[in-house]
Amino acid sequence: MQQSMIEHMGGEEAVRELVETFYDLMETLPEGAHLRLLHERGQGMANARAEQFDFLCGFLGGRRYYAERHGHMDLREIHAHVPVRAEDAENWLFCMDRALEDRGHAGPEIDRLRASLRRAALRLVNDLGEWGVAKAKPAGG
């Protein structure tokens with residue numbers, strides 16, 4: 001039987017450490033500045049840390065805490081109200097790549113995880129304006 005990604009990474013404790021490292025980086029690196037603003041306009045960083053842990057456990061093949069509480073794990077629905085720019089997705093990925101590296105996660109399985117995270121992050125890029133309002137389309141377009 002193939003090992004799940006969460007097992008490969010060291011279980012829930014390793015996911016918790018990854019999430020904490022990720023948010024510590026987001027809160028201190030310049031690449032995290034706009035991401036911090038988005039989180040602060042939402043439910044705050046403490047809530048984001050908890051929700052990220054819950055989501056990642058299920059995403060990585062462990063217990064689906066997020067789905068148990070919210071009824072789904074649809075990233076686009078979760079972020080539907082958040083104006084996500086391509087730059088935001090890249091900065092999120094930068095922080096997560098750095099967190100994975102800082103926690104010592106490497107190898108082909110982690111490379112596949114990075115590719116999955118990249119696909120997921122880029123799917124969240126949307127055309128919302130400053131805060132959750134669709135941008136007006138130009139006349140005639």
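These exercises work through the fold, the surface and two residues of a predicted model.

**Exercise 1. Describe the secondary structure and overall dimensions of the protein**.

Step 1. Count the elements. The protein has eight helices and zero strands.

Step 2. Read them in order. The pattern along the sequence is α-α-α-α-α-α-α-α.

Step 3. Judge the packing. The radius of gyration is 16 Å, close to the 14 Å that the globule rule gives for 141 residues, so the protein is as compact as a globular protein of that length.

Step 4. Along the principal axes, the C-alpha trace spans about 55 × 35 × 30 Å.

**Exercise 2. What share of the contacts with a separation of 6 or more joins residues 24 or more positions apart, and what share of the residues is buried?**

Step 1. Take the contacts with a separation of 6 or more. Residues 24 or more positions apart account for 67% of them.

Step 2. Turn to burial. The cut-off is under 20% relative accessible area. Of the 141 residues, 41% count as buried.

**Exercise 3. Characterise the surface and the charges of the protein**.

Step 1. Start with area. The protein exposes about 8100 Å². Carbon and sulfur atoms supply 50% of that.

Step 2. Count charges. There are 18 positive and 24 negative ones.

Step 3. Compare their mean positions. These lie 4 Å apart.

**Exercise 4. Is Asp-88 buried or exposed, and which side chain does its own side chain meet in a polar contact?**

Step 1. Locate the residue. Asp-88 sits in helix 7, which covers residues 86-102.

Step 2. Check its accessibility. The relative accessible area of Asp-88 is 2%. Buried means under 20%, so Asp-88 is buried.

Step 3. Find the polar partner. The side chain of Asp-88 makes a polar contact with the side chain of His-34, at 2.8 Å.

Step 4. List the other neighbours. Leaving aside residues within four places in sequence, Asp-88 also contacts Leu-35, Leu-38 and Pro-83.

**Exercise 5. Classify the accessibility of Phe-94 and find which residues it touches beyond four places in sequence**.

Step 1. Apply the cut-offs. Phe-94 has 36% relative accessibility.

Step 2. Name the contacts. Not counting residues up to four places away in sequence, Phe-94 touches Leu-29 and Glu-31.

Step 3. Phe-94 and Gly-32 are 62 residues apart in sequence. Their C-alpha atoms are 9.0 Å apart.

Definitions and conventions: Residues are numbered from 1 along each chain as its sequence is written. This is a predicted model: local features need pLDDT of at least 70, side-chain atom pairs count only at pLDDT 80 or more; totals for chains, interfaces and linings use all residues. Side-chain values use heavy atoms; hydrogens and water are left out. Helices (H or I, at least four residues) and strands (E, at least two) are DSSP runs, numbered from the N terminus. The radius of gyration is taken over C-alpha atoms; the globule rule is 2.2 Å times the number of residues to the power 0.38. Buried means under 20% relative accessible area, exposed over 50%, partly exposed in between (1.4 Å probe, protein chains only). Contact means heavy atoms within 4.5 Å. Accessible areas come from the Shrake-Rupley method with a 1.4 Å probe; for residues, only the protein chains shown count as cover. Lys and Arg count as positive and Asp and Glu as negative; His and the chain ends are not counted. The place of a charge is taken as NZ of Lys, CZ of Arg, CG of Asp or CD of Glu. A polar contact is a pair of N or O atoms within 3.5 Å; within protein, one must be able to donate a hydrogen and the other to accept it, and residues adjacent in sequence count only if both atoms are side-chain atoms.
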